[in-house]
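Here is a short briefing for a first look at a structure. Keep the model in view while you read.

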Amino acid sequence: MGIFGRRQTAVSEPTPALAGAASRGVALDPALQALTGRWTIDRPHSHIGFSVRHAMVTTVRGAFTDYDSALYFDGAQPSESRADLVIRVASVDTGVEQRDAHIIGADFFDARRYPEMTFHSTSTVHEGGETFRMTGDLTIRDVTRPVDLQLDYLGSVVDPFGFERAGFDGTTTIDRTEWGLVYNQRLKAGGTMVSEKVRLQFDISAIRSTS
């Protein structure tokens, strides 16, 4: 995590009066207001991943490397911010080919029948300071359920190539069985081989769109 050094652009903690202003759609900070516009995720410098407990004693981590994104951030009215993400599940990479083949097979994602999972935001709330809560519909295996994603703004910068970048860290935890990913094996000592709880992680370097 941490594509940018924090406080590349300063974001002040809101006073109670400003917190009330946020609910009325008033910009809390000029730096946030300056970010208003369309953005796309820079895949080579971003990470969309997950972590899950394995055999009750360790954690397996992986990422998806092939996806499309469309982001709109509104610094004056954060509630107007939105995000759409389409992930090709066959791009999963846990560092072990045999495990990746199992994940995209019928026991889990069943990529032949359901090649994509998607996220479509439905609301965004500025919770104060650098923290936002984005609610959206997550679709996996044609099952759509709402999720809440915590987003922490890291800062913005113009890189040496002239691209304006903004950084966000996002996290949420889901129960995979609610999307039909129910495969598991019981352990003799108790418990299961794969946890039902999966932590999703979004380490985002976004570039402002010029079109």
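Asp66 is partly exposed, because its relative accessibility is 28%, and buried means under 20%. Keep in mind that this is a predicted model.

**Salt bridges around Arg88**
- The structure holds 10 salt bridges.
- One of them pairs Asp66 with Arg88, with the closest N and O atoms 3.1 Å apart.
- This pair links distant parts of the chain, 22 residues apart. Asp66 sits in the loop between β3 and β4 (67-73), while Arg88 belongs to strand β5 (residues 82-88).
- Arg88 also forms a salt bridge with Asp68, at 3.0 Å from N to O.
- Asp68 lies in strand β4 and Arg88 in strand β5, so this pair ties together parts that are 20 residues apart in sequence.
- Asp68 has 42% relative accessibility and therefore counts as partly exposed.
- Salt bridges with shared partners join Arg43, Asp66, Asp68, Arg88 and Glu116 into one network.

**A buried salt bridge**
- The side chains of Arg165 and Asp159 meet in a salt bridge of 2.8 Å, N to O.
- Both Arg165 and Asp159 are buried.

**Strand β10 and its partners**
- Strand β10 (residues 164-175) is largely enclosed by the rest of the structure, because 9 of its 12 residues are buried.
- Strand β9 (residues 143-158) runs antiparallel to β10, and 8 bridges join them.
- β9 and β10 form a hairpin, with 5 residues between them. In the turn, Gly162 has a positive phi of about 90°.
- β10 also pairs with strand β11 (residues 194-208), in the antiparallel sense, over 11 bridges.
- Ala166 is the bridge partner of Ser156. Ala166 also stands opposite Ala206 in β11.

**Ser46 in its loop**
- Ser46 is found in the loop between β1 (37-41) and β2 (47-54).
- Its relative accessibility is 15%, so Ser46 counts as buried.
- A polar atom of the Ser46 side chain lies 2.9 Å from the backbone nitrogen of Ser205.

**The largest pocket**
- The largest pocket has a volume of about 530 Å³.
- Its lining counts 25 residues, and Phe50, Val52, Ile103, Phe108 and Val194 lie nearest its centre.
- β2, β3 (58-64), α3 (97-103), β8 (131-140) and β11 each give two or more residues to this lining.
- The lining divides into 18 nonpolar, 4 polar and 3 charged residues.

Definitions and conventions. Residues numbered from 1 in each chain as written. Predicted model: local features only at pLDDT ≥ 70, side-chain atom pairs only at ≥ 80, totals over all residues. Heavy atoms only, no water. Buried < 20%, exposed > 50% of the residue type's maximum accessible area, 1.4 Å probe, protein only. Helix = DSSP H or I, 4+ residues; strand = E, 2+ residues; numbered from the N terminus. Pairing = 2+ DSSP bridges. Polar contact = N/O pair within 3.5 Å; in protein donor to acceptor, adjacent residues only side chain to side chain. 1 Å grid on protein atoms, 1.4 Å probe; cavity = no way out; pocket = protein on both sides within 12 Å on 5 of 7 lines; lining within 4 Å. Points joined across faces, edges and corners; volume = space filled by probe spheres on them. Nonpolar A, V, L, I, M, F, W, Y, C, P; charged D, E, K, R; others polar. Salt bridge = Lys/Arg side-chain N within 4 Å of Asp/Glu carboxyl O.
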